[in-house]
Amino acid sequence: MELFLPVLFQASVLLYLVGAIISVLLRKREKINNLSANLFCMAASVLGAAASIAKILWHEGPLGIFEAHSTIPFLSLVMKVDNISAFFLLALFILVFCVSIYSIGYISHYIGRRNVGLFNFLYTTFILTMILVFTSTNAIFFYICWEAMSVFSYFLVVFESEKSENQRAGTLYIIMTHLASAFILVAFLIIYSYTQSFDLYGSSGALPEMSKNIIFLLFLIGFGTKAGLIPLHVWLPHAHPAAPSNVSALMSGIMIKTAIYGMLRFVHCYLGIEQAWWGLLILTLGMISVFLGVAYALMEGNIKRLLAFSSVENIGIILIGLGVCFIAFAHEQVLLGSFALTAALLHTFNHSLFKGGLFLGAGAIQYSTQTKDMEKLGGLSKRIPVTAFFVLCFSLAISAIIPFNGFIGEWLTFQALFANILPGQTGIDILLILAVAALGLAGGLVIACFVKFFGISFLGLPRSEQALQAKEVPLTMNISMGLLACLCLFFGLFPLTILTLVDKVILSIGGSTVLGELRGEFFLLFYPLEIAGNEILPAAILGLVLVMIILTLLLLRMFGGKYIERKYGTWDCGYEALTSRMQYSATGFSKPLQIVFKILFRPSRKLSAEGEALCSSEPIKYTTTFSSIFEDFLYSPAAKAVKSFSKKTAFRIQTGSIHNYLIYILVTVLLLILYNRFF
Amino acid sequence: MNNLIYIFLQALTILMLAPLVNGLIRKMKAFIQKRQGASIFQMYYDLYKLVRKGSVVSEVSSWIFKATPYIFFASALVAAMLVPVSTIILPKHIPGDFIVLVSVLGLGRFFMMLAALDTASTFGGMGSSREAMVSTLIEPTILVSLFTIGLISQSTSLSQIMLTVQGAGFPLAHPVYIMVFLALLIVIIAESARIPIDDPSTHLELTMIHEAMILEYSGRHLALMEYGAAIKQLVFMTLLVNVLVPHDQIIAFTGFLALFLSLLIYFFKILILTGIIALIEINTVKFRLFSIPNMAAFAFILSFLGILQYFILGGSNV
Amino acid sequence: MFDFLLETLSVLILLSAFALMANKRISSYIRTFRIQSISIALAAGIMGIQSSQAEGRFDFLIVCLLIVALKVVYIPHLLHKTYANVKYKVEKDFILNIPIMIIICCGLVLFSYFALASIEGLGQGLLNLQFVNSVSVIWIGLFFMISRKKAIGQIIGFLVIENGLYIAAMLSTNGMPLVVDLGIFLDMLTAVMIMGLMVFRINDKFDSIDIDKLNHLKG
């Protein structure tokens, strides 16, 4: 095992590399290129996933998979896989496997129109950089991989670069992500200045209390931006829709989770949690993200923006778990903390499955109708029925509806909150209760949001010619979505399978095992999941629902006789000219909630007639708009200030004369020497 | 095996009783309004009649429209299995706690809202959109108030909660329970589409919420939707009376007679609650749609004050 | 058992303050105020029975009767008369919408809980825990005055503050001397009568009881 496991990981990484190289070499033969790149990715993922599972189950401690020391100071290319890395890698490999199957079909519409070789090269290297982020052990190496990951994903975001909105999205993304990396880099430098080491597996004993606090805040901002934590989420709803759908699935499914990994690796494992306010801060931000994320998602008419905002919400749920965990660890309640961490990790894993699936579904919609605008969709469930069914599964999963996996994560989060409400810690208790309320409200909003997502896009009458002419998607796309849907159902019915892995992970980072608390006995076909007497049996619930449906059918047959059905038009109040325009639109659907939460959206509407009066028969134009608080009050003023500052300084500092610039260099160098002399 | 029998017994009790409760509410309303009113068994007749009729299905709709009545009905029945009607027939393992209850009801609601959008009718969309609003606003109240009682009994399992509360003497005199009681009363009104949130007996597009969603249904599909809604209503009522006004502690003996007595008391409690609901329905007018948030905020505050009182009054000594 | 009832009553008083906040109609302001006063009278009555059993004091029963006479019967009646004379029946144009104001009130309760949690002896026999609820009533009354524009709203807000103060004093001290109680009642009665008169004057002067119009008085 000791020998075999590293080889598996190395083989997996190597296959990605080969895939990347081949996609460059074969750039002229696009069909083969597409097939080979994705097949390589799939093979690598299978190897990697197997290796990750084996690592978590049978190997303790970090497992070195690659080691090379460079002559560049501080930089050592050491890759190790420990249980946290392996867990995130597992999520990555499973998702990549499904997405790669999908890409075979999805990328086919690029063939002959775009540079498929380039795309596949970027795609494989993007995955590779994520693997490196999860496995690097040296802070500088980590930073380089982190930057590379951002840059490659940037290229993928702007892949369809002819659209100006994509360019803008890319620019916003790269600015935000670089700001974030700057914070992370500063944190690393502070760490280095105290410990003289960039080793991530080292000890943080030399750090004084105050600088630990500062480092925590820096990491929170840095990783929070990547995770899409409100108010640092602005790039997310722009970048995800711009990227091709398979890339958005990876970005939302796993790339934003690198931030969760970062928080765990650097804050939990490296710094060690000493202060309860760290957890309180994360919990509060998580609560805000949960509520606002889904509230903004509900208002969106663009399917991919909707999904992007919903990612913000799910990151919020994960952070609620993480925050509770940090609080409990700060109070040295190891069991309760481990329990909350279980919830967070489980939701991380589950989210990568169903959100990945939802983005793939959105890609399928876009593939078959060429639009992302919900107001132009409708009636797709008759045109692409298989896709519709899988998207329905994902929608149920994300709405935390039993028996899908989303529910398990949410249930554990609730239980973690419940268990952590202890008498005698007033402030924290009330915050935890507010978190329950926020999760409840968000739960309701998520259902509304995904009823809208599925109902408006797939049901009813087609709202445009494109939706009417929707074409069936390639088989590979449906296969990959079906695979993800099956996984969602599987982990929903048998949560203990994944929980066994999560438990090992938590055990390895100083938590205690919660599996003893999560008693599960193997009974017939289902595992009950039980915490201190609160048990759930998802499989039994599914079984009971099915039995009830069958019983109902039988009883109806007995009492009601044969089922007679008549097809007829929808009831139209005798008007006899029902058109698709008379259905509720996406905007109309979310209007009541928009009015209820108008303080968040600040909606405005404008009514204008082209003719003289509003009562004439001229066409009347009715426009509604709503605005985001953060973009209006936080980012626009900041951007304006930067702009005006640059304008003012443009001619004084940036004079354009070489002599001036040389003077700047001279002065800087002199100042630095002075600094070194005196301090 | 006993487990399964008990669980099915729960469901059967609620299944048999649900239409009767609807009939009782109507009868009481009629009584207060000095009308004769329909028989209390009217809903059984209606259901029987509907079941024997064929269904008209819109040409526009997909499989979701036809599957929804079954899923909705089954989810309501499974919800009924999670809320014990009597702790005398308490199964050893109930397959879920109140979080599962919320999720199972969510399953039914999800499909009902989808089915409403499926027929491309304006009414359906309207009902679905409004239901989204009402249920969203009421959701935090359900969770927080159940959490409060859960904290008192240190469990999220409904059967465990009921057993603990039975030991608490007369809980309704206590502020925490009063708050939760009032909050859950508002929840019942909202969830079972009653005045002042929604009017179950009208088909006016300005006011419809629940009725708008099931407008396209007919025949046995309609019967299932109506029946499912009635079951859902009784599930919430059972939750309220059995958690906050427990009764099984006064029965000192066991056996079939005890079960019979317990069910009788249960039925009596439901009867009183029906009276309260009928009184509320008679004495209020339907709210404007956008007054519902006020009511929801008030319900939430009730539940939140409840949990605050729990902390203020020192937690465990409730 | 008595403690139980007092706790429940203190919660009901708090709840009535919330109900007041959620109301828009001036007639239901008065009704809610009346309910709140009845709860206070009940609390006084319970404490009266308790103390008469234990020590043979009858102060509380007198106070209870006074509360019934003044706050349940006379002042609401006076307010009804004032209300009948002005044409505004429904409050409109709040500074914030009602759900948000209710949530702010909830924040006030939280705040008073935090502020008072550190008081020594709270909940240990020296000071009753219902104190938190009573103090919250004072904040809510003040916030009610801030949020309402019509003069009658101001009066009700003032009365709610007074109720909160009174119940806080009563519950935390187990009964003030009767003289103090009488003094408070006299004060309040005068205040309400003066304010009632002022409403008539404002209504006459500006043809409205919107107190924002008092801005016109300056300069």
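Tutor: Pro196(B) sits in the loop that runs between helix 7 and helix 8 (210–213) of chain B; helices here are DSSP runs of H or I with at least four residues, strands are runs of E with at least two, and both are numbered from the N terminus. The bond between Ile195(B) and Pro196(B) is a cis peptide bond, with omega about 10°. The model is predicted, so local features need pLDDT of at least 70 and side-chain atom pairs count only at pLDDT 80 or more, while totals for chains, interfaces and linings use all residues. Residues are numbered from 1 along each chain as its sequence is written, and chains are lettered from A and ligands numbered from 1 in the order in which they are written.

In total, 17 residues of chain B are in contact with 17 residues of chain C, contact being C-beta atoms, placed from the backbone, within 7 Å. Helix 11 of chain B gives the largest share of that side, ten residues. The side of chain B holds 13 nonpolar, four polar and no charged residues; Ala, Val, Leu, Ile, Met, Phe, Trp, Tyr, Cys and Pro count as nonpolar, Asp, Glu, Lys and Arg as charged, and the others, Gly among them, as polar.

Another loop of chain B, between helix 4 (98–118) and helix 5 (122–153), holds Ala120(B). Phi of Ala120(B) is near 65°, a positive value in a residue other than glycine. Ala120(B) counts as buried because it has 27 C-beta neighbours inside 10 Å; buried takes 20 or more other C-beta atoms within 10 Å, exposed 12 or fewer, and partly exposed lies in between, with C-beta atoms placed from the backbone.

Chain A has a cis peptide bond as well, joining Ile230(A) and Pro231(A), with omega about 10°. Pro231(A) is in the loop between helix 7 (209–227) and helix 8 (236–242) of chain A. Glu332(A) counts as exposed, because it has 10 C-beta neighbours inside 10 Å.

Helix 13 (residues 334–369) of chain A packs with helix 19 (residues 475–493) of chain A at an angle of about 150°, and their axes are 10 Å apart. Helix 13 of chain A is therefore roughly antiparallel to helix 19 of chain A; angles over 145 degrees count as roughly antiparallel, under 35 as roughly parallel, 65 to 115 as roughly perpendicular and the rest as oblique. Axes are lines fitted to C-alpha atoms, for helices over the stretch in contact, and angles run from 0 to 180 degrees between N-to-C directions. The residues making this contact include Gly356(A) and Gly357(A) of helix 13 and Ala485(A) and Cys488(A) of helix 19. By class, the contact of helix 13 with helix 19 of chain A has eleven nonpolar, five polar and no charged residues.

Helix 15 (residues 385–398) of chain A packs with helix 19 of chain A at about 30°, their axes 9 Å apart. Helix 15 of chain A is therefore roughly parallel to helix 19 of chain A.

Key. Contact = placed C-beta atoms within 7 Å.
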